[in-house]
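Please look over the sequence and the structure shown below before reading on.

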Amino acid sequence: MQQVRLVDENGGQLGVKPIKEALDYAHGKDLDLVEVAAQADPPVARVMDYGKYRYEQEQKAKIARKHQVSINVKEIKLRPKIGIHDYETKKGHVVRFLGQRAKVKVTIMFRGRETTHPERGRDLLMRLAEDVKELGQVESPPLLDGRNMVMLLGPTKNAGVTKDAKAEDTQLSEEEVQGDRSGEAPAPAGDEESLPEQEVREAQA
């Protein structure tokens, strides 16, 4: 990363700057330079007091927890080069946890040179978020934390409700079809009894 699009502490755009110049600018204000949009070209970095920012976020989270019922947080760990079968298995776990109305912390673990391509982990996390969007919503976007990248998913209002209702409807439909091997719905009750009576009347006519 040679250059960054620099944003000052007040949100003002300072344009594209060499990384060293951006760092000098931040240090000159006794602040930190924090990457806020790594996927952009060039990446976006903002000048801020990171310690103060983290403290404010923790305080907001603490206040929010006081007004919420206890929610379980499950964790799923993935590798950036995960296979299709393993991905589907992990996704199934995420779906199950969200269906139980638990939050899911999804962690991408980088090893060795994988750390030079964080975008692969970010793409994988966003793909997972898209795959489970009916049950889960992104509460914390993908963020690098050392050699890991973490995203937090929270259940939607319909998680654990809509899916169960659909499953019940599907099961009922399957039972109705299985009632007649030909795939047709069973005849209404009373038809078998009324048919012989009709034949008798016709014979007597």
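Why is β4 largely enclosed by the rest of the structure? In this predicted model, four of the five residues of β4 are buried, a residue being called buried when its relative accessible area is under 20%, and the strand is therefore largely enclosed by the rest of the structure. The points below set out the sheet to which β4 belongs, and then turn to strands β5, β6 and β8.

**The four-stranded sheet**

- Strands of a sheet pair through backbone hydrogen bonds, and this pairing is either parallel or antiparallel.
- The sheet that contains β4 is an open one of four strands, placed in the order β2-β1-β4-β3, and its pairing is mixed.
- At its edges lie β2, which covers residues 13-18, and β3, which covers residues 32-37, and each of these strands pairs on one side only.
- On average, neighbouring strands of this sheet are turned by 35° against each other, if direction is ignored.

**The partners of β4**

- With β3, strand β4 (residues 44-48) forms an antiparallel pair that is held over five bridges, and a hairpin of six residues connects β3 to β4.
- Within the pairing of these two strands, Asp32 stands opposite Met48 in β4, while Leu33 has Val47 in β4 as its bridge partner.
- With β1, strand β4 runs parallel, and three bridges join the two strands; Val7, for its part, has Arg46 in β4 as its bridge partner.

**The helix across the sheet**

- Helix α1, made of residues 19-28, lies across β1 (3-7), β2, β3 and β4.
- Relative to β2, helix α1 runs at about 125°.

**Strand β6 and its surroundings**

- Which strand pairs with β6 in the parallel sense? It is β5 (residues 73-78), and the pairing extends over six bridges, with Ile76 standing opposite Val106 in β6.
- Between them, β5, helix α3 (residues 84-99) and β6 make up a β-α-β unit that is right-handed.
- Strand β6 also pairs with β8 (residues 148-155), here in the antiparallel sense and over six bridges, and the bridge partner of Met109 in β8 is Asn148.
- Five of the seven residues of β6 (residues 103-109) are buried, so this strand is largely enclosed by the rest of the structure.

Technical notes. Residues are numbered from 1 along each chain as its sequence is written. This is a predicted model: local features need pLDDT of at least 70, side-chain atom pairs count only at pLDDT 80 or more; totals for chains, interfaces and linings use all residues. Side-chain values use heavy atoms; hydrogens and water are left out. Two strands pair if DSSP finds at least two bridges between them. Axes are lines fitted to C-alpha atoms, for helices over the stretch in contact, and angles run from 0 to 180 degrees between N-to-C directions. Contact means heavy atoms within 4.5 Å. Buried means under 20% relative accessible area, exposed over 50%, partly exposed in between (1.4 Å probe, protein chains only). A crossover is right-handed if, with the strands pointing away from the viewer, the path from the first strand over the helix to the second runs clockwise.
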